[in-house]
Amino acid sequence: MTQTVFSQLTMRTSLCCAILCACLPLTEAAETAAEVTVKAAVVHKIAKFVTWPESAFASADAPIRFCVAGNGGIFEALHRMGDRPVQGRKVIVRRAPEPAGVAANCDVLYLTPDAERQAGEWLSMIADEPVLTFGDAGA
């Protein structure tokens with residue numbers, strides 16, 4: 001059962017990342033505030049539709065933890081949305097710890113373009129964990 005839930009989460013994560021990358025292509029090197037706000041809104045909205053396994057949260061009222069790896073305006077944009085609950089859970093937005101600490105401290109991980117250089121390391125640390133992952137492919 002846990003494997004089935006995790007497989008569904010992995011499939012949904014892949015689909016969500018594909019949708020985000022397809023819907024939000026960057027045409028310039030620098031992102032505008034509007035682009036960053038839209039990306040944050042999409043990430044926040046997609047998180048509302050994910051079904052995490054029961055083991056993903058310490059308790060029924062545990063917050064959902066959004067982590068941002070790297071620099072960029074997405075951290076501030078997600079932080080501004082922090083007062084909007086996701087699936088009835090309080091949202092906490094924080095900078096991502098080192099890759100080894102992500103699985104224990106994050107439910108949603110956003111890799112900014114400068115963090116994607118180490119995407120393999122980040123992803124290997126959460127390969128078997130219920131962490132919804134987003135990134136800016138090709139940014």
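**Rings, sulfurs and strands**

Biologist: How many aromatic pairs does a search of the whole structure find?
Modeller: The search of the whole structure turns up one aromatic pair. Its rings belong to W52 and F57, with centres 5.9 Å apart and planes at 70 degrees, so the pair is edge-to-face. Rings of Phe, Tyr and Trp (its six-membered ring) pair if their centres lie within 6.5 Å; planes under 30 degrees apart are stacked, over 60 edge-to-face, and the rest tilted. Bear in mind that this is a predicted model, where local features need pLDDT of at least 70 and side-chain atom pairs count only at pLDDT 80 or more, while totals for chains, interfaces and linings use all residues. Residues are numbered from 1 along each chain as its sequence is written, and side-chain values use heavy atoms, leaving out hydrogens and water.

Biologist: Are W52 and F57 buried or exposed?
Modeller: W52 is buried, at 9% relative accessible area, and F57 counts as buried at 11%. Buried means under 20% relative accessible area, exposed over 50%, and partly exposed in between, using a 1.4 Å probe and protein chains only.

Biologist: What lies over the face of F57?
Modeller: That's R89, at 3.7 Å from the ring centre. Elsewhere, R95 places its charged end over the ring of F75, 4.0 Å from the centre. A charge sits over a ring if NZ of Lys or CZ of Arg is within 6 Å of the ring centre and within 35 degrees of the ring normal.

Biologist: New topic: how many disulfides are there?
Modeller: One disulfide is found in the whole structure. C67 and C106 form it, with 2.0 Å from S to S; the cut-off is a pair of cysteine sulfur atoms within 2.5 Å. C67 is in strand 1 (residues 64-69) and C106 in the loop between helix 4 (102-105) and strand 3, so the pair ties together parts 39 residues apart in sequence.

Biologist: Which hand does the disulfide have, and why?
Modeller: The torsion about the S-S bond is about -95 degrees, so the disulfide is left-handed. Both C67 and C106 are buried.

Biologist: What does the secondary structure come to?
Modeller: Five helices and four strands, in the pattern α-α-β-α-β-α-β-α-β along the sequence. These are DSSP runs numbered from the N terminus: helices are H or I with at least four residues, strands E with at least two.

Biologist: And what order do the strands have in the sheet?
Modeller: The open sheet has the order 2-1-3-4, with parallel pairing. Two strands pair if DSSP finds at least two bridges between them. Strand 2 (91-95) and strand 4 (132-135) are at the edges with a single partner strand each, so one side of each has no neighbour in the sheet.

Biologist: How many bridges join strand 3 to strand 4?
Modeller: Four bridges join them. Y110 has F134 as its bridge partner, and L111 stands opposite G135. Both faces of strand 4 are covered, with L132 and F134 buried on one side and T133 and G135 buried on the other.

Biologist: Last one: which residues have the most contacts inside the largest nonpolar core?
Modeller: They are W52, I64, F66, L78, V108 and L132, in a core of 25 residues. Helix 2 gives the largest share, five residues. A nonpolar core is a set of buried Ala, Val, Leu, Ile, Met, Phe, Trp, Tyr and Cys residues joined through side-chain atoms within 4.5 Å.
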